[in-house]
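Here is a short walk through one model, told through its charged side chains. Look at the structure first, then read on.

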Amino acid sequence: MKITLNVSDFKYELKDIFESEYKNCPFSDDAIEELFYYYEDIEDITDEEIEFDPIDICKNWTEYKSLKQIKEKYDVKNIQELEKQTNVIGFDTGYLVENY
């Protein structure tokens, strides 16, 4: 059995799991929406459904509020350098970086 999630469902499920288990969700609402669209795009490109695994999502991604925070974690001068090493999703209030 499968359930198709829209962006609101994705956001609710991700936050609900983390708030019930860990007291807080590691992503802002904006970041959750970006992740939803990222995975939706992958499904469209590959024509394969992706299983919703919130633990895996949180292990694979970190949200940063600024380039300064990213530079503290990674030895890069700019986002373009980091994009050569991993996936980076930029959005209005920050960045999502796929951990490697």
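E63 is buried, because its relative accessible area is 14%. Buried means under 20% relative accessible area, exposed means over 50%, and partly exposed lies in between (1.4 Å probe, protein chains only). E63 sits in strand β1 (residues 61–64). Helices (H or I, at least four residues) and strands (E, at least two) are DSSP runs, numbered from the N terminus.

A word on the source: this is a predicted model, where local features need pLDDT of at least 70, side-chain atom pairs count only at pLDDT 80 or more, and totals for chains, interfaces and linings use all residues. Residues are numbered from 1 along each chain as its sequence is written, and side-chain values use heavy atoms, with hydrogens and water left out.

What does the side chain of E63 make a polar contact with? One partner is the side chain of S28, at 2.7 Å. The side chain of K65 is also joined to that of E63 by a polar contact, of 3.2 Å. A polar contact is a pair of N or O atoms within 3.5 Å; within protein, one must be able to donate a hydrogen and the other to accept it, and residues adjacent in sequence count only if both atoms are side-chain atoms.

Side chains of opposite charge can pair when their charged atoms come close. K65 and E63 form a salt bridge, with the closest N and O atoms 3.2 Å apart. A salt bridge is a side-chain nitrogen of Lys or Arg within 4 Å of a carboxyl oxygen of Asp or Glu.

How many salt bridges does a search of the whole structure find? It finds two. K11 forms one with E33, and here the closest N and O atoms are 2.7 Å apart. This pair links distant parts of the chain: K11 lies in helix α1 (residues 7–22) and E33 in helix α2, 22 residues apart. E33 is partly exposed, because its relative accessible area is 29%.

E40 belongs to helix α2 (residues 29–46). At 30% relative accessibility, E40 counts as partly exposed.

D47 lies in the loop between α2 and α3 (54–60). At 71% relative accessibility, D47 counts as exposed. Its phi is near 60 degrees, a positive value in a residue other than glycine. Most residues other than glycine have a negative phi.
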